[in-house]
Amino acid sequence: MRGFADREFTLAYQPIVNARGAAVVGAEALLRWHHPERGWLQPGAFIQVLEEDAEVAWAATAFVVEQIAADLSALPKAHRTAFVSFNAYPSQLLGGKLRQLLETRYLARGGAPEALMIELLETEPHPPCDELVEEIQALRAMGFRIAIDDFGCGSWTVLDLVHIKVDAVKIARELLQGVPTSSASTDVLLGVLRILEALGTQAIIEGVETPEQVEWVATLPQAWAQGYAYSRPQPGLPKL
Ligand code: G
Ligand code: MN
């Protein structure tokens, strides 16, 4: 794809914070496209292209992994962000494809597996198959962290939590929207957090936007959070 070769793409990083102390624990890498005529484009403007063309999506993933490897290694070890997460389609794990990419473009360049978290996107309609579960296990055994992205509003279900052990679950921002004013929204979110805590899975609350939400999230002892209220995506890796 022309854009990748011409260096029109770059990564923005959005900090993920420890909800209580609002200390940075990691960052999500987000793709940005600098279109020659249209300027900086957010994923919304080009994600459809990725979802329609597996080859383009793969080129994007390879670019993201290489860029993260370069950005992490450019930081002195003491200042390195604890982990960086990136988005991948579950189908990209099949056949060991993502595993091989991580071996050749990340591990081979000295990247630490525990510094990388793979966020499995929820937009693919097919349910997780045995091979996907095996690939997730293989990646976790290598030390990579796995997260389920946008949990609660997409194709991931509560039943998946029974069958697939992951390191983190990112709770879709739609579930936070009515919190703390709506008691139904608040009860559902608290219920999900309780499930994750019982499973020993790290919860990451997405889409924290208002001061009331920040205050509410700060009362949760275990959760991590992400959202415009803490920080917008920014050009460089946040330093610890
Ligand atoms: O679903 P995923 O975790 O990949 O979401 C990342 C997207 O969400 C990015 O495009 C990012 O800019 C956007 N985003 C980050 N924080 C917020 C927020 O607080 N509110 C909203 N509406 N979007 C956000
Ligand atoms: Mn994500």
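In which loop is Pro 180 found?

View 1. Pro 180 is found in the loop between helix H7 (173–176) and H8, where helices (H or I, at least four residues) and strands (E, at least two) are DSSP runs numbered from the N terminus. A cis peptide bond, with omega of about 5°, joins Val 179 and Pro 180. This is a predicted model, in which local features need pLDDT of at least 70 and side-chain atom pairs count only at pLDDT 80 or more, whereas totals for chains, interfaces and linings use all residues. Residues are numbered from 1 along each chain as its sequence is written, chains are lettered from A and ligands numbered from 1 in the order in which they are written, and side-chain values use heavy atoms, with hydrogens and water left out.

**View 2. The backbone at Asp 150.** Asp 150, in strand E6 (residues 145–151), has a positive phi of about 50° although it is not a glycine. Most residues other than glycine have a negative phi. At 19% relative accessibility Asp 150 counts as buried, because buried means under 20% relative accessible area, with exposed over 50% and partly exposed in between (1.4 Å probe, protein chains only).

**View 3. Stacked aromatic rings.** Rings of Phe, Tyr and Trp (its six-membered ring) pair if their centres lie within 6.5 Å, and planes under 30 degrees apart count as stacked, over 60 as edge-to-face and the rest as tilted. By this rule the count comes to four aromatic pairs. The rings of Phe 9 and Trp 33 are stacked because their centres are 5.1 Å apart and their planes at 10°. This pair links distant parts of the chain, with Phe 9 in strand E1 (residues 9–18) and Trp 33 in strand E2 (residues 24–35), 24 residues apart. Phe 9 is buried at a relative accessible area of 7%, and Trp 33 is buried at 12%. Phe 83 and Trp 224 also form a stacked aromatic pair, at 5.7 Å centre to centre with 20° between the planes. Phe 9, Trp 33 and Phe 63 form one aromatic cluster.

View 4. A salt bridge is a side-chain nitrogen of Lys or Arg within 4 Å of a carboxyl oxygen of Asp or Glu, and a search of the whole structure finds six salt bridges. In one of them, the side chains of Arg 99 and Glu 135 meet at 2.8 Å, N to O; the pair links helix H4 (residues 97–105), which holds Arg 99, with helix H5 (residues 130–141), which holds Glu 135, and the two residues are 36 residues apart. Arg 99 counts as partly exposed at 25% relative accessibility, whereas Glu 135, at 8%, counts as buried. Lys 170 and Glu 206 meet in a salt bridge at 3.9 Å, N to O, and both residues are buried. Salt bridges that share partners join Glu 28, Glu 119, Lys 170 and Glu 206 into one network.

View 5. Leu 196 has its place in helix H8 and, at 0% relative accessibility, counts as buried. The C-alpha atoms of Leu 196 and Ala 168, 28 residues apart along the chain, are separated by 8.5 Å. Ile 195, also in helix H8 (residues 183–199), is partly exposed, with a relative accessible area of 38%.
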